[in-house]
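Subject: Structure handover

Hello,

Here is the structure we talked about, with the sequence alongside. Please open it first, then read the notes below with it on screen.

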Amino acid sequence: MTGICAGRVAVVTGAGRGLGRAHALALAAEGAHVVVNDLGVAADGAGASAGPAQRVADEIRAHGGRAVAHSGDITTTDGAASLVATALDTYGRLDTLVNNAGFLRDRMLVNLDEDDWDAVIRVHLKGHFLPLRHAAAHWRAEAKSGRTPAARVINTASGAGLLGSVGQGNYSAAKAGIIGLTLVAAAELARYGVQINAIAPAARTRMTERTFAATMAAPADGEFDAMAPENVSPLVVWLSSAGSDGVTGRVFEAEGGRITVMEGWRPGPTEDTGSRRTPAGAGEAARRLLAAAEEPGPVYGAR
């Protein structure tokens with residue numbers, strides 16, 4: 001290990017299992033002091049337990065690292081505030097926030113009820129906003145006091161937010177919202193020394209091993225496990241470090257050994273008459289423009 005995060009303090013939400021656990025362990029292995037947050041819910045968000053966060057914190061300490069568990073609900077103002085306060089009270093600083101917490105309640109749109117919509121939007125989108133807001137308030141205060149930080153935020157988006165995913169309207173909408181939040185926050189907080197990026201990971205977790213069972217199946221012994229969550233963590237660690245200086249407002253796909261810089265919405269073919277069109281004329285123009293445009297990518301799970 002290179003110790004590229006030595007002395008930095010990192011908060012990781014949803015760190016009791018899966019990707020969050022892998023990120024927390026990898027950050028600790030590179031010298032970071034870690035606040036391990038997890039509410040300890042089931043795969044659909046039911047229940048709560050302090051056990052998962054505590055086990056990961058204990059695992060880090062058993063390997064010689066420094067970690068503290070936090071089992072508060074980061075989708076509430078009090079929970080998000082206490083998350084940031086835990087880092088400051090325990091280690092005296094906060095350098096990195098990795099927003100990762102989430103769960104699934106998959107339904108086709110005609111079967112998706114309001115509670116399942118609200119729950120998924122809440123944990124993913126509000127669960128990114130509130131920790132970010134409280135961390136940003138701290139970093140702004142630091143900058144205004146002449147102690148401009150080298151702060152980092154890594155948000156967790158998804159290919160579902162980039163392309164859509166059949167049966168996951170709530171999840172896709174939340175993840176697309178996280179991308180929008182990332183772009184706005186990167187622009188607003190740059191003056192305070194904060195860099196904000198998003199990743200769209202593909203890995204085997206509780207959220208994916210059933211939904212995409214064939215893709216997420218473990219390989220034969222001795223073969224590279226492209227879907228291991230640990231494959232995504234090196235990029236997260238680097239984005240968390242001071243070595244990522246100048247990288248902000250970007251979205252990366254990460255899967256196995258592959259990293260892709262995603263290029264978002266850009267103007268494509270266009271026509272301008274300089275005057276109002278008729279509906280028929282607008283339709284004719286749209287057809288011409290679509291014929292000249294690139295085909296959109298397939299929606300995940302579309303048949």
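A salt bridge here is a side-chain nitrogen of Lys or Arg within 4 Å of a carboxyl oxygen of Asp or Glu. Before using that, note that this is a predicted model, in which local features need pLDDT of at least 70 and side-chain atom pairs count only at pLDDT 80 or more, while totals for chains, interfaces and linings use all residues. Residues are numbered from 1 along each chain as its sequence is written, and side-chain values use heavy atoms, with hydrogens and water left out.

Salt bridges

The structure holds 8 salt bridges. One of them links R61 and D58, whose closest N and O atoms are 2.5 Å apart. Both residues belong to helix α2 (residues 51-62), and because they are 3 residues apart there, about one helical turn separates them. Helices are DSSP runs of H or I with at least four residues, numbered from the N terminus.

How accessible are the two partners? Some terms are needed for this: buried means under 20% relative accessible area, exposed means over 50%, and partly exposed lies in between, using a 1.4 Å probe and protein chains only. R61 has a relative accessible area of 37%, so it is partly exposed. D58 has a value of 37% and is partly exposed.

Another salt bridge joins the side chains of R93 and D95, at 2.7 Å from N to O. R93, at 41% relative accessibility, is partly exposed, whereas D95, at 4%, is buried.

E255 and R258 also form a salt bridge, with 3.0 Å between the closest N and O atoms. E255 is partly exposed at 29%, and R258 is partly exposed at 36%. This pair is part of a network: salt bridges that share partners connect E253, E255 and R258.

N170 sits in helix α6 (residues 169-189). Is N170 buried or exposed? Its relative accessibility is 0%, so N170 counts as buried.

Which residues does N170 touch, apart from its neighbours within four places in sequence? They are R105, L112, D116, W117, V120 and I121, where contact means heavy atoms within 4.5 Å. With R105 there is also a polar detail to look at: a polar atom of the N170 side chain lies 3.1 Å from the backbone oxygen of R105.

Regards

Definitions and conventions:
Helices (H or I, at least four residues) and strands (E, at least two) are DSSP runs, numbered from the N terminus. A polar contact is a pair of N or O atoms within 3.5 Å; within protein, one must be able to donate a hydrogen and the other to accept it, and residues adjacent in sequence count only if both atoms are side-chain atoms.
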